[in-house]
Amino acid sequence: MTPLPAPFSDWFAAKGWSLHPHQSQMLARRADPALLLIAPTGGGKTLAGFLPTLLELADGTHQGMHTLYVSPLKALAADIRRNLTGPVEQMALPIRIEDRTGDTTYTQKRRQRADPPHILLTTPESLALLVSYPDAPRIFAGLQRVVVDEIHALSESKRGDQLMLALARLQTLAPGLRRVGLSATVDDPAAIARFLARHPDDCAILQADPGPDPDIRMLVTDQPPPWSGGGAAYAIPAVLDQVRQHRTTLIFHNTRAQAEIFFHNLWLANDDALPIGIHHGSLDRAQRERVEAAMVAGQLRAIVCTGSLDLGLDWGDVDLVIQVGAPKNVKRLVQRIGRANHRYNAPSKALLVPANRFEVVECLAALEAVKAHDLDGDPRGPGPLDVLCQHILIAACAGPFDANALLAEFRSAGPYATLTRAQFDDCLDFVATGGYALRAYDRWQRLQQRPDGLWQLRDPRSAVLIRQNIGTIQDSDLLKVRMRGRGPALGEVEESFAASLTPGDTFLIGGQIVRYEGLREMTVEVSRDKGRKPKVATFSGTKFSTSTQLSHRILRLFQDGDFSALPDHTTDWLRLQADVSSLPEPGALLVETFPHDGRQHLCAYGFAGRNAQQTLGLLLTKRMEALNLAPLGFVATDYATLVWGLDPVTDPAPLFDPQALADGLEGWLRGNAVMKRTFRASATIAGLIQRSHQGQRKSGRQATFSSDILYDTLAKYDPDHLLLRITRDEAMRGLVDFGRIEEMLTRIQGRITHNILPRVTPLAAPLLLEVGKVPIQGTAQDRLLADEADRLMQAAGLA
Amino acid sequence: MNVFDFTLAGAKLQALGSGALYWPDQRLLCVSDLHFGKAERAARHGGAQLPPYETHDTLTRLEADLAATGAATVVCLGDTFDDMTALHELTEAEALWIARLQAGRRWVWIEGNHDAGPIQLGGTHLAELPLPPLAFRHIARPGASGEVSGHYHPKARLRTRGQSLSRPCFLLDSDRLILPAYGTFTGGLRSDNTALSDLMRPEALAILTGAIPRPIPMPR
């Protein structure tokens, strides 16, 4: 073990601390070009990351920036600054530490560029902005280390891809730069190592002691979970019991809407008035910060939360994590469990609360996976090209560039290691000329090639606009919600939700029921309203699909037929299903057909996750329409798709023909809303659409038009355009998730178990209760519109 | 052709689902706010390079409406060009296309706020066109009657079960008609904006564009 020099050894001794093995390993290997540390929360990860920096800066000789710290959360950057400042002051080290995020003042930012601190703590977006300045070479000259925190989260998103492109630029500016990644437990550390390191550098992976296995169980309730739905209201008394028995409980939900409903119901039943708070990404920042502060101060007994607390601050005293709703993904579950008991070497305690009968099975499968340390992860493809387009613009803002050098730099970023020349040229062409088949913008190129071969902005003033649009986070159209009459801001709702409100409607936000009063200057004005049944606001939170691996576990559980670990109500239900029909199994696709309520139903248990089952529903109904089977609608869950129509399906096999499904996808994708949404995100990142700013929106929207029009125009006149190709790739992996349909088709190898039944089966019954039924579009929408228009005219006495 | 029939100041008119207005007695087709060259204007100003197909797409739709109605007179109700530079930068093919559409027809360019100036393509250039009982101008004038105008790009939102639709629309009351923007790259102003709700009478209708034009009480 490397002995620590004087101020450090004394400081550790004074604290009564000693170095964890992984902390000394990090010190010993600090000269490595790249290092990845996998450690559970509470494992002294941050110190392990910063100790080499503090040591190297201790003699006060380093000039300029030494270490850059990047985290996905602004709050984390600020928190780390406070946590680092303590030891630095106590040891009287000559080190200046500052953070720089979207919240940093303009003057502070100016000063930081002129005189960079030794340690700068920032976010991927703020860093991308920094490297876009012409003086970036001066700011980052002499940079020695970069520490990427929560890299497991960043590596799954475009924010991470953007960060790696920025690091590639930093590496060019400061060739001696060493990279360190700090990660929670993950399924595939090697993938994250490749993501982090400069390609093709090696990256050693250091594993901290993961600590004891968590104590994790399913919450047992007197009342069985309902057949469908996601609210888990049935478990409120049992959850309150648990809150009472623990110091501090985090109650995780999969969606913001569910968190709001649960919180509301929890308070209706909270007879002891236990202090319970709510925290999610759509709440106003001030309100979130209050909850965080109360939590740190130990004033709250529980927080109902979403993914907004997946990352970040050390909460200290959490001794129980409750996951409401199926965990969907084992890796995230394990990371959430890790939020409990941040003391090293104490087992975390967690409870799973299935929201409905089927989720009981999924929870059991997840418990087994956690016990087996079997984490899941769907490997991410190569870095997306929309982010690359944005980075070409960023490079151009910083100054003229050589295309070959830029390509080489991009390829040194892990996610873009396999970038081809042709892909790069496409992106450059798109950024320079728009990349249209019709060469329209030769005079008005965005980038121009100079006589010396370097590329530069045609109009240097456009750099301002480009900088305003840096970033890959998509804020959908959100409207602020505020109490009427200069009241406090409560949070945000989607514009489409606000549009569905009429004055007098009530909805839940931040755990309060509020009454919609009206829309004023892009703000939803509300007033307090007690005791009415509220609507549920839709929030733009991510909806996760159950992972492939977890779905396979559920199928194997069915196949093994050992239900002893399940509660009786669930066992009985599955037994009944096995008796009247059969249970789904890994090697075949179970398809049931039965009449119900005057309609013919078909239920396909694909276990491909919500998005893929949804896509399957769209493709099946399209095929059925072509075969004159008159489908009327469908509904999809993570496990199955239920289609209903006028005529029975007698032979399902042709419906599931892989080639026919793929062909159907081609045609269907074009006009699809999912594609338009995906297009909008990619087009914004790639710089085709400017982010709308509040001010512009206020001053009349006549000037701006919907991105759908751009999509339609491109699809009509330039179907092979780069952005449409990007959109297609994204949708196939994301919302359309056709990959998982293909995976399912490969798994079943054409084997279909078709059970023709006289009535709805136990497994299919919950699907009839599911919300989110999709009517078949086409003439349907116009008919709907006609009905509503007639009704309104009648009501107004105009017809 | 699906149309919505109505009368304004005694003139029998038809709202087309495309957003064009047809006056059968005069064999007159009126379109507003074509905004040709909008994409190029954005590129010229150093912004994004939007798909350069909007002029082509707008002309395609206009040609289809001319064929369907057999109109003998065409009134472009202003803001035909996104700015005067856009007018000069029409491609040769586009200028020829317009000339082909003009052949054998009376063609009137009404001046708009984006294209206030003479248009050197064929046809007549006017500040406004009186054609009793109607008057065609770009921006509605409070107090006028029998007036057909554009400018505002009105759109209306309609809630149906479970979803909300937003469509460009005509606004109609006993005094005036406001046309939706016909150009492909045009946004809209919600009918509940005070600029529109102050202008239109309380009993005004919004005629939604789409495959079949449909009237609803103007949302405000």
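## Where chain B meets chain A

The contact between the two chains draws 34 residues from chain B and 41 residues from chain A, with two residues counted as in contact if their C-beta atoms, placed from the backbone, lie within 7 Å. Keep in mind that this is a predicted model, where local features need pLDDT of at least 70, side-chain atom pairs count only at pLDDT 80 or more, and totals for chains, interfaces and linings use all residues. Residues are numbered from 1 along each chain as its sequence is written, while chains are lettered from A and ligands numbered from 1 in the order in which they are written.

On the chain B side, helix H1 (38-44), H2, strand S11 (154-160), strand S12 (163-172) and strand S16 (214-217) each bring at least two residues to the side that touches chain A. Helices (H or I, at least four residues) and strands (E, at least two) are DSSP runs, numbered from the N terminus. Sorted by class, this side of chain B has 16 nonpolar, 10 polar and 8 charged residues. In that scheme Ala, Val, Leu, Ile, Met, Phe, Trp, Tyr, Cys and Pro count as nonpolar, Asp, Glu, Lys and Arg as charged, and the others, Gly among them, as polar.

## Chain B overall

Chain B has 5 helices and 16 strands. Its radius of gyration (taken over C-alpha atoms) is 17 Å, close to the 17 Å that the globule rule gives for 220 residues, so chain B is as compact as a globular protein of that length. The rule itself is 2.2 Å times the number of residues to the power 0.38.

Picture the C-alpha atoms of chain B in a box of roughly 45 × 40 × 35 Å, taken along the principal axes. Of the 220 residues in chain B, 49% are buried; a residue is buried if 20 or more other C-beta atoms lie within 10 Å of its own, exposed if 12 or fewer, and partly exposed in between, again with C-beta atoms placed from the backbone. Take the chain B contacts between residues at least 6 apart in sequence, and 67% of them join residues at least 24 apart.

## Two helices side by side in chain B

Helix H2 (residues 54-69) of chain B packs against helix H4 (residues 92-102) of chain B at an angle of about 10°, and their axes are 11 Å apart. That makes H2(B) roughly parallel to H4(B). Axes here are lines fitted to C-alpha atoms, for helices over the stretch in contact, and angles run from 0 to 180 degrees between N-to-C directions. Angles under 35 degrees count as roughly parallel, over 145 as roughly antiparallel, 65 to 115 as roughly perpendicular and the rest as oblique.

From H2(B), the contact uses B:Thr55, B:Leu59, B:Leu62, B:Glu63 and B:Leu66, and H4(B) answers with B:Glu94, B:Trp97 and B:Leu101. By class, that comes to 5 nonpolar, 1 polar and 2 charged residues.

## Chain A and its domains

Chain A has 31 helices and 26 strands. The radius of gyration of chain A is 28 Å, close to the 28 Å that the globule rule gives for 799 residues, so chain A is as compact as a globular protein of that length. Its C-alpha atoms fill a box of roughly 80 × 70 × 60 Å along the principal axes, and buried residues make up 47% of the 799 residues.

Domain 2 and domain 5 of chain A touch, with 5 residues from each in the contact. The domain 2 side has 2 nonpolar, 2 polar and 1 charged residues.

## A buried leucine in chain A

A:Leu722 lies in helix H28 (residues 722-733) of chain A and is buried, with 24 other C-beta atoms within 10 Å. Setting aside neighbours within four places in sequence, A:Leu722 is in contact with A:Asp426, A:Cys427, A:Phe430 and A:Gly435.

Most residues other than glycine have a negative phi, and most peptide bonds are trans. A:Phe607 has a positive phi of about 50°; this residue sits in the loop between strand S22 (599-605) and helix H23 (610-626) of chain A. B:Asp33 also has a positive phi, near 50°, and is buried, with 26 other C-beta atoms within 10 Å.

The peptide bond from A:His199 to A:Pro200 is cis, with omega near 0°. In chain B, the bond from B:Pro132 to B:Pro133 is cis, with omega near 5°.
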